[in-house]
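Biologist: I'd like to learn how to read a few features off a structure. Can we walk through one together?

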Amino acid sequence: ERIIETSFSMMTMDTSKEVYDILNNAIKEIKADGTLDSLIENELTAYIETDPEPKDLPKFEDAQTIKIGITGDVPPMDFVTASGKAAGFNVALLTEIANRAQVNIELVQIETGARAISLSSGKVDAVFWTKSVKCTICGAEATEKIDGTLVTESYFSDYAATISLKVKK
């Protein structure tokens with residue numbers, strides 16, 4: 001039985017409401033029209049089963065640039081390839097967000113433990129964040145939110161632990 005569910009989202013400072021709205025609205029649209037399911041089925045599976053070359057993020061002339069912190073240490077969600085390029089499902093998601101919102105995305109590599117300080121210091125406009133961790137058996141849920149921040153709708157959930165019980169005869 002799957003017992004620990006982790007939900008992934010993005011986080012901005014509450015003073016960056018415009019960036020939050022761009023990201024959250026795009027995530028909602030991507031979920032509503034089935035694009036997210038397609039990204040999970042095609043892109044996430046590709047990064048799990050193969051080692052595809054990362055795609056470049058789109059660039060739009062005279063468009064707003066949003067700096068996104070990426071750790072590169074959470075494969076297949078995000079990682080850095082041997083050639084030094086950021087890759088993974090989160091980059092595929094950001095490509096879709098950039099295309100929908102017509103914004104430029106600049107990836108800034110940060111340490112996992114420095115996500116909050118990178119955000120609060122202004123080094124980045126948004127970071128990938130674990131929205132919640134939930135025990136599906138007992139119903140307990142821990143939500144990760146820091147005062148002064150906004151957390152987008154979850155774009156992906158995964159199970160971190162699976163338990164199988166076998167009955168001895």
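This is a predicted model: local features need pLDDT of at least 70, side-chain atom pairs count only at pLDDT 80 or more; totals for chains, interfaces and linings use all residues.

Modeller: Residues are numbered from 1 along each chain as its sequence is written, and side-chain values use heavy atoms, without hydrogens and water.

Biologist: Which elements give two or more residues to the lining of the largest pocket?

Modeller: Strands are DSSP runs of E with at least two residues, numbered from the N terminus. Here the contributors are strand S2 (65-70), strand S3 (73-74) and S7, with S7 giving the most, four residues.

Biologist: How do the residues of the lining divide into nonpolar, polar and charged?

Modeller: Ala, Val, Leu, Ile, Met, Phe, Trp, Tyr, Cys and Pro count as nonpolar, Asp, Glu, Lys and Arg as charged, and the others, Gly among them, as polar. For the largest pocket that gives nine nonpolar, five polar and three charged.

Biologist: And what sheet does S3 belong to?

Modeller: Strands of a sheet pair through backbone hydrogen bonds, either parallel or antiparallel. Two strands pair if DSSP finds at least two bridges between them. In this model three strands form an open, antiparallel sheet in the order S3-S4-S5. S3 and strand S5 (86-87) are the edge strands, each pairing on one side only. S3 is joined to strand S4 (residues 78-80) by two bridges, and Val-74 stands opposite Asp-78 in S4.

Biologist: How many aromatic pairs are there?

Modeller: Rings of Phe, Tyr and Trp (its six-membered ring) pair if their centres lie within 6.5 Å; planes under 30 degrees apart are stacked, over 60 edge-to-face, the rest tilted. That rule gives four aromatic pairs. Take Phe-128 and Tyr-155: the ring centres are 6.2 Å apart and the planes sit at 70°, so this pair is edge-to-face. Phe-128 is in strand S7 (residues 126-135) and Tyr-155 in the loop between strand S9 (149-151) and strand S10 (156-162), 27 residues apart.

Biologist: Are Phe-128 and Tyr-155 buried or exposed?

Modeller: Buried means under 20% relative accessible area, exposed over 50%, partly exposed in between (1.4 Å probe, protein chains only). Both Phe-128 and Tyr-155 are buried.
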